[in-house]
Amino acid sequence: MDTPNAPNSEAATPPAASVDVNGRLGVLLEQIAQGDQAAFAEFYRLTSRRVYGMARRVLIDPELSEDTTQEVFLQVWQNASKFNSDAGSPLAWLMTISHRRAVDKVRSSQSSSDREAKYGASSQDIAHDSVSDEVGNRLEAEAVARCLGTLTDTQQESVRLAYYGGLTYREVAEKLNAAVPTIKSRIRDGLIRLKTCLGVS
């Protein structure tokens with residue numbers, strides 16, 4: 001899906017024309033409910049910027065916002081027949097769906113981050129998880145501090161934030177202005193060096 005962030009005529013619609021826009025969207029929803037793909041394409045053109053904007057405000061992350069926007073329009077395609085004009089305008093209905101989807105995505109992402117922080121990143125194998133357990137639970141603080149000094153500055157900072165600061169990989173990446181895969185790689189390599197230094201098998 002193309003990121004719906006290019007300017008379009010709908011974005012600049014003045015308040016006086018909102019009734020006309022909602023009227024048009026209402027007609028399009030009726031056509032979408034009948035399986036009209038052209039109507040769906042027009043509905044998307046008129047509203048995708050708003051949906052993406054809502055998702056972006058809630059999620060911040062552009063990629064998650066794009067995913068959420070796709071999910072919203074899939075829901076529109078599947079549930080256009082459920083739109084009830086007596087309950088509100090088409091835009092209000094669409095924005096409600098968008099907000100709920102974005103909030104659900106936040107909850108899902110947070111749940112995933114919590115699991116990741118608790119059990120380690122899924123991309124790391126059991127050996128690396130064992131290293132972090134050994135470092136955290138079985139080795140003395142003095143030895144750990146000494147071995148942390150053998151890491152590069154970037155590895156040390158990443159490991160400290162993740163394992164002593166309690167941050168998720170995504171939070172570490174945001175704090176250090178780096179990509180999540182880069183942070184995972186730094187931490188993985190750092191843990192390997194700690195393993196060697198501490199003699200953990």
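**Stop 1: the whole chain.** Start with a cartoon view and colour by secondary structure: you'll find nine helices and zero strands. Going along the sequence, the pattern reads α-α-α-α-α-α-α-α-α. Keep in mind that this is a predicted model.

The chain exposes about 11700 Å², and 49% of that comes from carbon and sulfur atoms. The chain has 201 residues, and 36% of them count as buried.

How much of the contact list comes from residues 24 or more positions apart? Among contacts with a separation of 6 or more, such pairs make up 66%.

**Stop 2: a group of rings.** Hide the surface and select Phe-40, Phe-43, Tyr-44, Phe-73 and Trp-77, showing their side chains. Ring pairs link these residues into a cluster. In total, the count of aromatic pairs comes to five.

Zoom in on Phe-40 and Phe-73. Their ring centres are 6.4 Å apart and their planes meet at 80°. Why is this pair called edge-to-face? Because an angle over 60 degrees counts as edge-to-face, and the planes here are at 80°.

Next, colour two helices. Phe-40 lies in helix α2 (residues 37-59) and Phe-73 in helix α3 (residues 62-79), so this pair ties together parts that are 33 residues apart in sequence.

Is Phe-73 buried or exposed? Its relative accessibility is 3%, and the cut-off for buried is under 20%, so Phe-73 counts as buried.

Stay with Phe-40 and turn to Trp-77. The centres of these two rings lie 5.3 Å apart with planes at 75°, so this pair is edge-to-face too. Trp-77 has a relative accessibility of 31%, which makes it partly exposed.

**Stop 3: Val-180.** Jump along to helix α9, which covers residues 180-198, and select Val-180 there. With a relative accessible area of 23%, Val-180 is partly exposed.

Finish with your distance tool: click the C-alpha atoms of Val-180 and Arg-170. They are separated by 5.8 Å, although the two residues are ten apart along the chain.

Notes:
Residues are numbered from 1 along each chain as its sequence is written. This is a predicted model: local features need pLDDT of at least 70, side-chain atom pairs count only at pLDDT 80 or more; totals for chains, interfaces and linings use all residues. Side-chain values use heavy atoms; hydrogens and water are left out. Helices (H or I, at least four residues) and strands (E, at least two) are DSSP runs, numbered from the N terminus. Buried means under 20% relative accessible area, exposed over 50%, partly exposed in between (1.4 Å probe, protein chains only). Rings of Phe, Tyr and Trp (its six-membered ring) pair if their centres lie within 6.5 Å; planes under 30 degrees apart count as stacked, over 60 as edge-to-face and the rest as tilted. Contact means heavy atoms within 4.5 Å. Accessible areas come from the Shrake-Rupley method with a 1.4 Å probe; for residues, only the protein chains shown count as cover.
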